[in-house]
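Visitor: I am new here and would like a friendly tour. Could you show me what we will be looking at?

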Amino acid sequence: MLRLEPRAQTSRWWRYASPLLALLATVLLGVLLFVALGKDPVRGLGVFFWEPIKSAYAWSELLVKATPLLLIALGLALCFRANIWNIGAEGQFVMGAVFASGVALLADAQSAPGFWILCVLAGVLGGLCWAALTAVLRDRFNANEILVSLMLVYVAVQCLNYLVYGPWKDPMGYNFPQTKTFEAVAQVPKLFTGLRVNVGVLLALLGAGVLWMFLFRTRAGFAQQVGGMAPDAARYAGFSARRALWLALLTSGATAGLAGGLEVAGPLRQLTPYVPVGYGFAAIIVAFVGRLHPVGMVLSALLMSMFYIGGELAQSRLGLPRSLTGVFQGLLLFCLLACDTLMHYRVRWVGMPSRTVRSH
Amino acid sequence: MTGECNPRKETNASLSQLMIGSQPPELQVRAHTPGAEVLRVGGLSLPALDPFGVDLQGIDLSVRAGEIVGIAGVSGNGQRELLFALSGEDTRAPAASIQIEGQPVGRRHPNTRRALGLHFVPEERLGRGAVPSLSLAQNLLLTRQEAVADHGWRGWMGWLDLARLREQAADIIERYRVKAGGPDAAARSLSGGNLQKFIVGREIEAAPRVLIVSQPTWGVDVGAAAQIRAAILALRDAGCAVLVVSEELDELLELSDRLHVMAHGRLSPSLSRGEADVSRIGVWMSGLWQQEATHAAT
């Protein structure tokens, strides 16, 4: 019989090696998957791990997808470190996109050049308000934030659908469910001509730096995390649990909203029903694979972005379904959890407790 | 093995000498000359927070500078609830029912009370007095502010001086002879006694006006226990008001200048060290001090 026994001390080295081992295991399982599907595994892996980084254009696309993942994951890490389980970042992302679009649609040819900043700020506000709903329900009525935030995702998507199929539909858009393309002033400035990557990626990196300083160099950041590690110690120290709840949810809502605003005012340039592509959920994996550490999350956001792009390429180049993205994301999280379990526990073979087996 | 003996023929001191290799320092008993009242609890009644808790009923208590007041009693008679109300982890007490140097603090949070000089060592070391997964240095931040910037933009941000924090932790480790892998050792990697020495050190080094200690030596080895008691006595001699809550009567008789007994959420009148004898306190632990008072009156 196999039994898991907790280790007295977990190795610091394995803490960082575990995500790498998980990645290796994911790659190996990926090879098996490609072989089973009758595809050349080298080509398959190339699509996922080489194509997304082989040119400036590829890098730009990689960063375009990594930006929302990183922004959302940063906010989620603040929640998860405080033991607050915001699972509804997708909804906050959608609301950010909706609010930003609402402002972007107000722009016309005469609007001032910095108009896009207003759009993005509206996005922040949208995500923040949506997360505040969860915070109020948890704070006032002790509602479970996992359920509330998750269910609000679907409410947010319905709001988005109502708007793009109804009042915000482009009158010149051949009845497609989408808004008109935003004015140039309402679009987030690109970093290089010809590439889609925009200033959002700089904001995300700045965000990672700010989160690092907050978590590891300020008393408030320390207080924020103690509630997650030992609630009684936080109470003894006098760190307010309500404050941690509000700070975590409002910040993660704001970063998810920012990501949503940057997405519609950036690469998408209009609001469509296809805005929610699961960044909010994938960011949960980004946060955990990155060990809830800002630097780790920068790396894991790039990795998850590779999976997104690889999945799309696998569809066009190898004729495989795009859901391969989800398979790889899931495999990675699964392998990470397995590696972490082995890090925290040791597996031991124990003989059956003296029970005599009788033969009939 | 360090020796063999018949425990019935040995004293506490000689037994501990065998166990730790040296005699614990002899406790100095000093004449008791208390100063001004620092902590005052008046008519504190508080219904319990959780259904299995004990309601506090009319608690009266006063601790003066330079004295140690002990609270004896079997655990689960309201000690936990009283300490929550005193530390500020429970802020439901009427404001004036708890006073620190005349300031009503019944509704104040732990931070505010700490700023007024009240420090507290809880009975649970791991998980309440210290965060198990954090280093000793980081655990200082639960109750100490010295390494937090206090002016300028850094003060506004609550910026931490990590070098200072580690230095401070190393200082406590050395001064209180804590056996630990240094300031970066995780709290959970320490033995109970060593972690308790660190926590007691952390609170004593804050130079409190009043220190509350719950079960100072629960599950602590003899050497560490003697050291912790000596530190508490030294703090008393330095003019701090000290309140000790303990289940161990021997310890309380050794430390306290005055002694209360807690039973069923009520607190007995105080006994001076001379009046306190084991059999009397034993009777009081069942809450029978009122009867004794009526007997005396008749």
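**A walk through the model**

Guide: Let us begin with one residue of this predicted model. B:His264 has 12 C-beta neighbours inside 10 Å, and a residue with 12 or fewer is called exposed, so B:His264 counts as exposed.

Visitor: Where in chain B is B:His264 found?

Guide: B:His264 has a positive phi of about 50° although it is not a glycine. Most residues other than glycine have a negative phi. As for its place, B:His264 sits in the loop between strand E9 (258-263) and strand E10 (266-267) of chain B.

Visitor: Is A:Arg269 of chain A buried, partly exposed or exposed?

Guide: A:Arg269 also belongs to a loop, the one between helix H10 (241-268) and helix H11 (279-289) of chain A. Its phi is positive, at about 65°, although it is not a glycine. With 18 other C-beta atoms within 10 Å, A:Arg269 falls between the cut-offs of 12 and 20, so it is partly exposed.

Visitor: What radius of gyration does chain A have?

Guide: With 360 residues, a compact globule would have a radius of gyration near 21 Å. The value for chain A agrees with that, and it is 23 Å.

Visitor: Against which helices do the buried residues of H6(A) pack?

Guide: Helix H6 (residues 145-165) of chain A has 21 residues, which at 1.5 Å a residue should span 30 Å; its end C-alpha atoms are 30 Å apart, which agrees. Its buried residues include A:Leu152, A:Val153, A:Ala156 and A:Leu160. They pack against helix H4 (89-104) and helix H5 (115-141) of chain A.

Visitor: Which residue of E5(B) is the bridge partner of B:Gln99?

Guide: Strand E4 (residues 98-100) of chain B is joined to E5(B) by 2 bridges, and the two run antiparallel. In E5(B), the bridge partner of B:Gln99 is B:Pro104.

Visitor: How many bridges join E7(B) to strand E8 of chain B?

Guide: Strand E7 (residues 210-214) of chain B is mostly covered, with 5 of its 5 residues buried. B:Val210, B:Ile212 and B:Ser214 point one way, and B:Leu211 and B:Val213 the other way. E7(B) pairs in the parallel sense with strand E6 (residues 118-121) of chain B over 4 bridges. With strand E8 (residues 241-245) of chain B, E7(B) also runs parallel, and the number of bridges joining them is 5.

Notes. Residues numbered from 1 in each chain as written. Chains lettered and ligands numbered in written order. Predicted model: local features only at pLDDT ≥ 70, side-chain atom pairs only at ≥ 80, totals over all residues. Pairing = 2+ DSSP bridges. Expected span 1.5 Å × (residues − 1). Contact = placed C-beta atoms within 7 Å. Rg over C-alpha atoms; globule rule 2.2 N^0.38 Å.
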